[in-house]
Amino acid sequence: MSLFLDVAASTEPGITLDRVQFGYESQPVLDGVNWDLGQGQCAVVTGQNGCGKSTLLYIAAGLLSPQRGAVLLGGHPVHRLLPSERFRRGIRIGFVFQEGGILANMSAMANVSLALHYHADVLGLNEEQIRQRCEEAFDQAQIRSSDWERLPAHMSFGNRKRLALARAMAIRPNFFFFDDPDVGLDQRTATVIHQLLCQLRDDPEVTLVVGTNRAVLMDRLEVPGYRLQNGKLGLRTSGSSLPPTWHRDGPRP
Amino acid sequence: MSEPEPLAVSWLEQVGARGLHLSKVATGLWITLVSAWRSASAPGDGARDVCRAIAMRQIFYTSFQALGLISVVALFIGATLIVQTELLGGALNRETAGRVLVAVVLRELAPLVTAILVAGRSGTAIATELGVMRVNSEVLALASLGIDPPRFLVWPRMVATIVSVPILTVYFSALAVFGGFVAAFVMDSHGLGDWQSGVAMGLTPADIPLFLTKSLGLGGLIGWLCSYYGLDVGVSPTEVPQKASRAVVQTLLACIIFNAVVTVAFYAIFGGNFR
């Protein structure tokens, strides 16, 4: 039997997964997942390595199409829309990938400004405003100006992660997805990301989903946690309910 | 512990597996083409500007930066053909040598060899670049930013190869004629007027649609097939060189078959006009 979880106090539609099924060849990953997260709410998804957290986030963001079922973002069936059509309808997705997903042949500035140039007519931005927005995003992600024109290959892992964050922030998304946001980062970078996550959590315009197994992050965010296990999504109350092996040293609130 | 014996596969299963693979490739190619077309016709001035800039960079790389390679190949092919024609036909038959140059080099070799060089140079680059982008989640990242991957990745590359192959074919033809001219002059400086009139008489109005069909079609095939194979890479980096190699081999086969089919079709339709 599939679980139907609804903790959405918000009346605005946020993320809705309706009997979603997905698998890779013969390996099922999601088995009839139902999920409803209201606009402006925040949730953490946990689960063992390889259980399909990243896949769930990709599907919820409309980056992968479910094999069965439907995915709605803000009431729109996202997997039937072109990414640009989705953007035009006001569904702006920020996605920070586990490995960054940074465009390797573009400088940091070009990575951040790309979507702004691509959607300049939709956002009504001119060149000066695009530059300004990029600088704001770099400041938020605490990336020094000396790194702005660097290629990602010449940046550290932590800086690339912050660059991914800056790129996502620049479009001012209303749906934000983080896939293992602080794995492999030093304390300073992890703290930057945790602080930004807390700001996003408190922003009523942003629906935030974080895929992580870090109890410290889950406790810091203090939001509903869901556990993905055997293709089903179940409700978990707090980070302390994670298995002891999942607790790792990290920045404390 | 001994290895388990591989399961015996009947010829019928092999045929079935091959058929399934071919239908998967055909479907993927169709989806690549349709999605590129659909996204390219989607509204968005900003998107149009960004993609136009990418297409211009691709055209520069595919055509301008390939001029040196094309020059060497064209000069030597033109010269070699004239040397062989002169040796077979005799130095007196200059007009025939000029006509052979038109028939063999300008109509057949120029578009095909240009396409082979573009596929080997730019086709590999397209398939490898897109494959690496797939592995690094860059394609998903583009989609997350509201950027249509077919429009941003496939369309500019197809436009670049469609624009570049005709330009390079004209350039190849001009240099092949020049190479042939130099070879003919070096072998025997008499009768160059006959040779030039042979080249001029060999060209007919029917060569224009033939040239356009071949060069535009071959250019489109290169961009299309190499983009498909690049985006067909899964999650493993080891797939990138495999797909790049397959992209070039399949593209070369497709180009050779396409060139032959167009030649036969044009000679069937315009037969007398080519003499």
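1. Strand E8 (residues 175–179) of chain A is joined to E9(A) by five bridges, and the two strands run parallel. Within this pairing, Asp179(A) stands opposite Gly211(A) of E9(A). The model under discussion is a predicted one, and the remarks below should be read with that in mind.

2. E8(A) and E9(A) also belong, together with helix H7 (residues 187–202) of chain A, to a β-α-β unit that is right-handed.

3. E9(A) has a further partner in strand E4 (residues 42–46) of chain A, with which it pairs in the parallel sense over four bridges; here Val210(A) of E9(A) has Val44(A) standing opposite.

4. Turning to the contact between the chains, 25 residues of chain A are in contact with 18 residues of chain B. On the side of chain B that touches chain A, the elements giving two or more residues are helix H2 (45–62) and helix H5 (138–144) of chain B, and H5(B) gives the most, with five residues. By residue class, this side of chain B divides into eight nonpolar, seven polar and three charged residues.

Note on methods: Residues are numbered from 1 along each chain as its sequence is written. Chains are lettered from A and ligands numbered from 1 in the order in which they are written. This is a predicted model: local features need pLDDT of at least 70, side-chain atom pairs count only at pLDDT 80 or more; totals for chains, interfaces and linings use all residues. Two strands pair if DSSP finds at least two bridges between them. A crossover is right-handed if, with the strands pointing away from the viewer, the path from the first strand over the helix to the second runs clockwise. Two residues are in contact if their C-beta atoms, placed from the backbone, lie within 7 Å. Ala, Val, Leu, Ile, Met, Phe, Trp, Tyr, Cys and Pro count as nonpolar, Asp, Glu, Lys and Arg as charged, and the others, Gly among them, as polar.
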